[in-house]
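Please open the model in your viewer and keep the selection panel at hand.

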Number of protein chains: 2
Amino acid sequence: MIKGNAIVGQSGGPTAAINATLAGVVRGAYESGCIDKIYGALNGVAGLLEDNYCVLNDILTGENELKLLENTPAAALGSCRMKLPDPDKDTAPFEKLFELFEKLDIKYFFYIGGNDSMDTVDKLSRYAKKICSDLRVMGVPKTIDNDLCGTDHTPGFGSAAKFIATVMQEIIRDTAVYTVEAVTIVEIMGRDAGWLTAASALPRKVCGVAPDLVYLPEVVFDYDKFFEDIQKAFEKKPNIVVAVSEGIRLADGRYVGESTQSGATDVFGHKYLAGTGKMLENAVKEKLGCKVRSVELNLPQRCASHIASRCDLEESVSVGRAAVACAVRGESAKMMCFEREDGEYSVKCIARDISEIANKIKYVPREYITERGNNVTDECVDYLLPLINGEVSITYKDGLPVHFVIER
Amino acid sequence: MIKGNAIVGQSGGPTAAINATLAGVVRGAYESGCIDKIYGALNGVAGLLEDNYCVLNDILTGENELKLLENTPAAALGSCRMKLPDPDKDTAPFEKLFELFEKLDIKYFFYIGGNDSMDTVDKLSRYAKKICSDLRVMGVPKTIDNDLCGTDHTPGFGSAAKFIATVMQEIIRDTAVYTVEAVTIVEIMGRDAGWLTAASALPRKVCGVAPDLVYLPEVVFDYDKFFEDIQKAFEKKPNIVVAVSEGIRLADGRYVGESTQSGATDVFGHKYLAGTGKMLENAVKEKLGCKVRSVELNLPQRCASHIASRCDLEESVSVGRAAVACAVRGESAKMMCFEREDGEYSVKCIARDISEIANKIKYVPREYITERGNNVTDECVDYLLPLINGEVSITYKDGLPVHFVIER
């Protein structure tokens, strides 16, 4: 058990649960018996490179603060989208970081993030090994996309899924009030993997309503089959609801939403997507002539903490705590993962080698999607349903949720 | 006190509170002592013209059912968008309706709806008077837009405002995590009046965060002033959040969402018609070159009953109940209104002549908007804040809210 200080950072896109994991890491540090100070990196490694950090012991001083933080959306420490260079080619940023770690007597580094952040964990671990540093580096996953390998699911996904399933049920009630033929297309986040879009089908099992058609990026999208699917759905009812991933692609590999974009990419080279629903809206209007509207669920999918999943938030806290416990036990270069246990739903937290996980994507398996590729199977719904279970008790003031703010 | 039956219908766009008002009317009928059966018009007057109705006494049999209905979004009886003809020119639909009323021994007619629905109430009242019918016709307002005259505010508005204010706070937390200069434009419903967009400023009073700029349809929108506003906001912080009504217009009267600056086309080569937020997103991207994203809050604004305002739902029930009490006391051709009482927030329900209310729009007064027209005043926030107060206890099953469904 190495005594010293720890630092925790958040990175990548915010979620409704990333602060719960932060609270978990802090709880773990407080309980560890060997971590004196727990620092917070402000705006991830990018902030650390500019000496931006805070002392969380002074900020998260009690149960009230930790509880509020757990129910606060977005990254309280701030985030960044920074890809570190290959430590075998460019050591400059690593030298700067490890200098700071030495100055602050940092023995433990925790990084909460998605796929790109696990790449940072991987590179920091490799550099630490290279310079024979005893720094222990742990990745703690978060992503609403649920597309990390090695874990049953990702913290943050359950809350996003609960928001999507809840709002989907409400949208279906809303669109069902008229008797005129109409199509409502709901565009859901998910560039590569269709997990979030699959979650829109959850109300089917609970209350018998669900989108009539569900299209994921895992299956090639075909306009003609899509129009056929809608016409067939109209035989049964006048109000058709379609759930569609932003990342669906045509047979030639182009994104359906691509033609509305300038081709701009983000710093990781990912194509920036928007407008898949709008594209389909225009196409259906043109082809079938019926009333069509599209709804892009957009940012609230990743920050609607007011309808967070209790299962998700509790697991997010526990995985942060477990990361500290693992590091204290001597593990490093690992990402914390969930393993689902047999029988009634429960998970245990285990650590897996980061090198096996970083830069890989977990897709929705083909057997979770119907043969025609226009919906998800009951097996998929069964896998997803426990993740949205339970509600969180939110503190309100004057009608609005109270958030915990760390000044940056 | 005329003994007989009553019928209630819902019309226009759904809200999170229109079923609470339906429950209120039904509660009022059960308590009246003179209404035997309370029928439900399925899909409003359009449905009635096709003999589509149900007996609510058989459906809403107890407190459990009424409570669930109160927390169910959208119109449980179904809705319609039907404008009846002038009863002085075409009596055919009126004759058909009154034939049905006679057959069912209907003495009381309640219609829950917005501006267009109050037109229906007005015309039915006029026809009833013309044929010397003793039918009592009452309008019960609902609209998320808060744009009906004669009432302090409209049932349904408070819940929409609470969703908007809640999600706005979450979006502001979300967008604040990065340090890069970025503009997030949030498009909010409101074709004519900016009440909903004004509600996005509510967190300002509660927790000190709010959109940096707020544009309502009540003030002419000017691109140059808009760009100046953003540049000025960037002097203080890197993450600018803009709230904008879908209905903002240029000096020449055209809607901002109507103009066609974007040259993008869809896969079929058709011009891509963007919304107001998307138009502004493109304009800012082009003019200022910074990161921009737009978020259209869309349908959840009117159906997100999972975050309904308790104040709104309680008032929505009470106004339905009051409508029955007024009709039983002998009133007719009236719309139920809220009058705000002095001192601590409370309202009383009063009935006003429908002819003075129908087909008029209540705009956000100019004194509720800052001089430059790019935000709302504290006075406006003070007026709005009580309307989002309180949370509703929702029944959940397997992680999703339980809704009450009336088969149609």
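**Stop 1: chain A as a whole**

Select chain A and colour it by secondary structure: there are 14 helices and 13 strands, where helices (H or I, at least four residues) and strands (E, at least two) are DSSP runs, numbered from the N terminus. The radius of gyration of chain A, taken over C-alpha atoms, is 22 Å, close to the 22 Å that the globule rule (2.2 Å times the number of residues to the power 0.38) gives for 408 residues, so chain A is as compact as a globular protein of that length. This is a predicted model, in which local features need pLDDT of at least 70 and side-chain atom pairs count only at pLDDT 80 or more, while totals for chains, interfaces and linings use all residues. Residues are numbered from 1 along each chain as its sequence is written, and chains are lettered from A and ligands numbered from 1 in the order in which they are written.

Along its principal axes, the C-alpha atoms of chain A fill a box of roughly 70 × 45 × 40 Å. Of the 408 residues in chain A, 59% are buried, that is, have 20 or more other C-beta atoms within 10 Å of their own, with C-beta atoms placed from the backbone.

**Stop 2**

**Stop 3: where chain A meets chain B**

Now display both chains. A rotation of 180° with 0.0 Å of shift along its axis superposes chain A on chain B, with an RMSD of 0.1 Å, by least squares on the C-alpha atoms of residues with pLDDT of at least 70 in both. That is the relation of a two-fold axis.

How many residues does the contact take from chain A and from chain B? It takes 56 residues from chain A and 56 residues from chain B. Helix 7 of chain A gives the most to the side of chain A that touches chain B, with nine residues. Finally, 89% of the interface residues of chain A are also interface residues in chain B, so the copies meet through the same surface.

Methods
Two residues are in contact if their C-beta atoms, placed from the backbone, lie within 7 Å. A residue is buried if 20 or more other C-beta atoms lie within 10 Å of its own, exposed if 12 or fewer, and partly exposed in between; C-beta atoms are placed from the backbone.
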